[in-house]
Amino acid sequence: MFEARTYDAAGRVGELTVPRAGVTVETPALLPVINPHLQTISPAELEQEFGAEILITNAYILYGSDEYREQALAEGLHDLYGFSGAIMTDSGSFQLAEYGNIDVDTAEILQFQADIGSDIATPVDVPTPPNAGRDQAERDLETTQAALETAADFDAGEMLINAPVQGGAYPDLRERAARDAYATGLDIYPVGAVVPLLNDYRYAEMVEAVAAAKRGLGADAPVHLFGAGHPMMFALAAALGCDLFDSAAYALYARDDRYLTVRGTEHLGDLHYFPCSCPVCTAHTPDDVAARDEPDREDLLARHNLHVTYAELRRVKQAIRRGNLLELVDERARSHPAMTDGYRTLLDHADWLEQSDPTNKDTFLQVSAESARRPEVHRHHERLTRLTVDADTVLVTEGGNNDRFVATWGLKPPFGPVPRALAKTYPLTAEIPERRSRAACEAAADGVARLATANPETEFTIGHFDWPASALARLPETVARIDLSEEEG
Ligand SMILES: [Zn+2]
């Protein structure tokens, strides 16, 4: 049902087959949220003009709607919305979290979703807010797990069913919840209740929540970052292995005159220019749009918001296929310090990212201090501990060969020692700045230390260009040092 085709870090371009809709959706995919009562842009237009392959709507709203309930039951969702792609439905869990109770249970709402022709249905889970205590998170999880087990027993036919992963702010609970959800054999795994984190720019905690959920799920599990629709964090979330996003943001933000960009949100009133080349932004100026009446203004902003959202998703997919997703994440991380925290937290999981990261991809570009913590650097350091050195004396150098030593290896921050035989292989073909960063030299020193420790019989000397003392301090005492910048001239 889900197949990952190409990986970069833990991100993947894949295919989600949705049998009831008879379609295959390329992931990472965006599901625009359709509110039946407030259709800013119609589902038919989303399909034709924006290329939407999948959308999400709330079955609980339809269930309680005098206007749409009977029509949805009689015609089915696809005719009601004029949409031929895949339709996912939500169950009312959001309303449950918001109002404390709802008047349906999982069996009832699943049957309703089946009856209205949903392609992917959702049981009634309990979203635990991030500030909830551990007791509440555990109690909520029990209720959610019971709902998932009811859903697993439900006779769904071709309809897929979501198995939401909760657990609040407790990574161990998230991981356990994910393992239990995966064991039910349900189909798609939304990581729930991250919206409050995203709204408060708590990206580091979002990364921890997703990483924990991913640890509990199999690699074949499609993962939905539920409620995440701001394009600024798609690259980061995709690098963690999130396959589905949903956006109500495009419409909700437009209603408040807010304009989405990949670097954050702007208020229409603050914009002198539109930094975008979508059809809306090329045909209008901000003053132009601001002068329009409400429904018009909202429509134009919603269209721009969708264009920029889909464009970022395409950029993320392209980056995964080229193998430079982490450079895109790095770029996005500079838009806000909280995004930098998210990126740094992602790199705390470099060992885990390394497991799915391809061994050969587009040239590694060292563009920041954070680059020194990428999974490729970890992998090279691991490899250094396994390399045997067949010489009594080795010069590991940023400069040229020297006959005084039996062997000469390259020295390349942030990787460290580079055996000649590997110099032309990924990632050691990396492009690095002439002006070394402290972090890169420190990482390279760690690499030298690994090699020296693994080969205690060999005498190592490093030739470096003016490395900072903090990097040299990481070398074992036994490693001799030559500052090549002092030798020159
Ligand atoms: Zn635009």
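Predicted model: local features only at pLDDT ≥ 70, side-chain atom pairs only at ≥ 80, totals over all residues.
Local features were taken at pLDDT of at least 70 and side-chain atom pairs at pLDDT 80 or more, whereas totals for chains, interfaces and linings use all residues. Residues are numbered from 1 along each chain as its sequence is written, and side-chain values use heavy atoms, with hydrogens and water left out.

C276 (SG), C278 (SG), C281 (SG) and H304 (ND1) coordinate the zinc ion at 2.1 to 2.3 Å; donors are N, O and S atoms within 2.8 Å of the metal (3.2 Å for Na, K and Ca), and sites may look incomplete because water is not among the atoms. Along the sequence, the donor residues follow the spacing C-x1-C-x2-C-x22-H. The angles subtended by the four donor atoms run from 99 to 118°, so the arrangement is tetrahedral (four donors with all angles between 85 and 135 degrees). For comparison, the ideal angle for four tetrahedral donors is 109.5 degrees.

Helices are DSSP runs of H or I with at least four residues, and strands are runs of E with at least two, both numbered from the N terminus. Axes are lines fitted to C-alpha atoms, for helices over the stretch in contact, with angles from 0 to 180 degrees between N-to-C directions. Helix α15 (residues 294–322) packs with helix α16 (residues 325–333) at about 140°, their axes 7 Å apart. The two are therefore oblique to each other, given that angles under 35 degrees count as roughly parallel, over 145 as roughly antiparallel, 65 to 115 as roughly perpendicular and the rest as oblique. Here E312, R315, V316, A319 and I320 of α15 meet L325, L328 and R332 of α16, where contact means heavy atoms within 4.5 Å.

In the other pair, the axes of α19 (residues 375–386) and α20 (residues 438–454) come within 7 Å and cross at roughly 20°, which makes α19 roughly parallel to α20. H381, E382, L384 and T385 of α19 touch A443, D446, G447, R450, L451 and A454 of α20.

Finally, the backbone deserves a look. Most residues other than glycine have a negative phi, and most peptide bonds are trans. A cis bond, with omega about 0°, joins P413 and P414, and P414 sits in the loop between β15 (407–412) and β16 (416–418). Another cis bond links Y426 to P427, again with omega about 0°; P427 belongs to the loop between β16 and α20. A9, in the loop between β1 (2–8) and β2 (11–18), has a positive phi near 50°.

Definitions and conventions. Tetrahedral: all angles 85-135°; square planar, octahedral: opposite > 155°, others 65-115°.
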